[in-house]
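Colleague: Could you walk me through this one? I have a few quick things to ask.

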Amino acid sequence: RSNVTQLENVSLRLDNTGDISTAQLNMLTNVSLTVDGSAPNFGRVTNIDDTWVYALNGGVARLTNVVQVTIGTHSPVWQANGAGSLVDLSRLTNLTVGYYEVLYVEGYNGGTVDLHRLQNSTGSVQVDARDAGSVVDLSGLGGRWKSTASSSLSLEAQTGASIRIPNVTQLENVSLRLDNTGAIP
């Protein structure tokens, strides 16, 4: 068991056979987090500001105690890539992206990014979902979704992937692209 509870300006990679204690962590700031084929315990993490999150090859980054995120000094990526891969931010309700920053949210090759409780999002979010079974769930957003930043919003679904925004009724300052069998309701 480790006494380290907070990581800042770190690259942390957890592969399926690796062993790094994570259960005690409560903050990941400006961290590049990669979970590859494993499902480590992040049950105490409440802060992932300016953090990159990659879930690969069936890996699960379960960050379910994070309720708000601020992207202020970088343009990170939240990506699930591979069948069974999951970036679980299912309790996140508020996202603030700085005026000159961008958050990239990506679901590839059957991966899922779960943001279904997100209700408020300011700034530029670029969502890319590709390949059958890939899902980016933003179903908590409702009404008008717009970028108030220097960059627009971008939603792109292709080849059997879906971006879920069933409660969004208006889009402003957005690039919307559907290719092949991609789905955006």
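Colleague: Which residue stands opposite A55 in β8?

Modeller: A55 stands opposite A80 in β8, where strands are DSSP runs of E with at least two residues, numbered from the N terminus. This is a predicted model, in which local features need pLDDT of at least 70 and side-chain atom pairs count only at pLDDT 80 or more, while totals for chains, interfaces and linings use all residues. Residues are numbered from 1 along each chain as its sequence is written, and side-chain values use heavy atoms, with hydrogens and water left out.

Colleague: And how many bridges link β5 and β8?

Modeller: Strand β5 (residues 52-56) and strand β8 (residues 77-81) pair in the parallel sense over 4 bridges; two strands count as paired if DSSP finds at least two bridges between them.

Colleague: What sheet do they sit in, and in what order?

Modeller: They belong to an open sheet of 8 strands with parallel pairing, in the order β2-β4-β5-β8-β11-β14-β17-β20. At its edges are β2 (11-15) and β20 (174-179), each of which pairs on one side only.

Colleague: OK, switching to E106: where is it, and is it buried or exposed?

Modeller: E106 lies in strand β11 (residues 102-108), and E106 is buried, meaning under 20% relative accessible area with a 1.4 Å probe and protein chains only, whereas exposed is over 50% and partly exposed is in between.

Colleague: Which side chain of opposite charge is nearest to E106?

Modeller: That is R130, 7.7 Å away, and E106 has no salt bridge, which would be a side-chain nitrogen of Lys or Arg within 4 Å of a carboxyl oxygen of Asp or Glu.

Colleague: What does its side chain make a polar contact with, then?

Modeller: The side chain of E106 makes a polar contact with the side chain of Q79, at 2.6 Å. Such a contact is a pair of N or O atoms within 3.5 Å; within protein, one must be able to donate a hydrogen and the other to accept it, and residues adjacent in sequence count only if both atoms are side-chain atoms.

Colleague: Last topic, G37: where does it lie?

Modeller: G37 lies in the loop between β4 (32-36) and β5, and G37 is partly exposed, with a relative accessible area of 32%. The C-alpha atoms of G37 and N16 are separated by 4.8 Å, although these residues are 21 residues apart along the chain.

Definitions and conventions
Lys, Arg positive; Asp, Glu negative; His and termini not counted.
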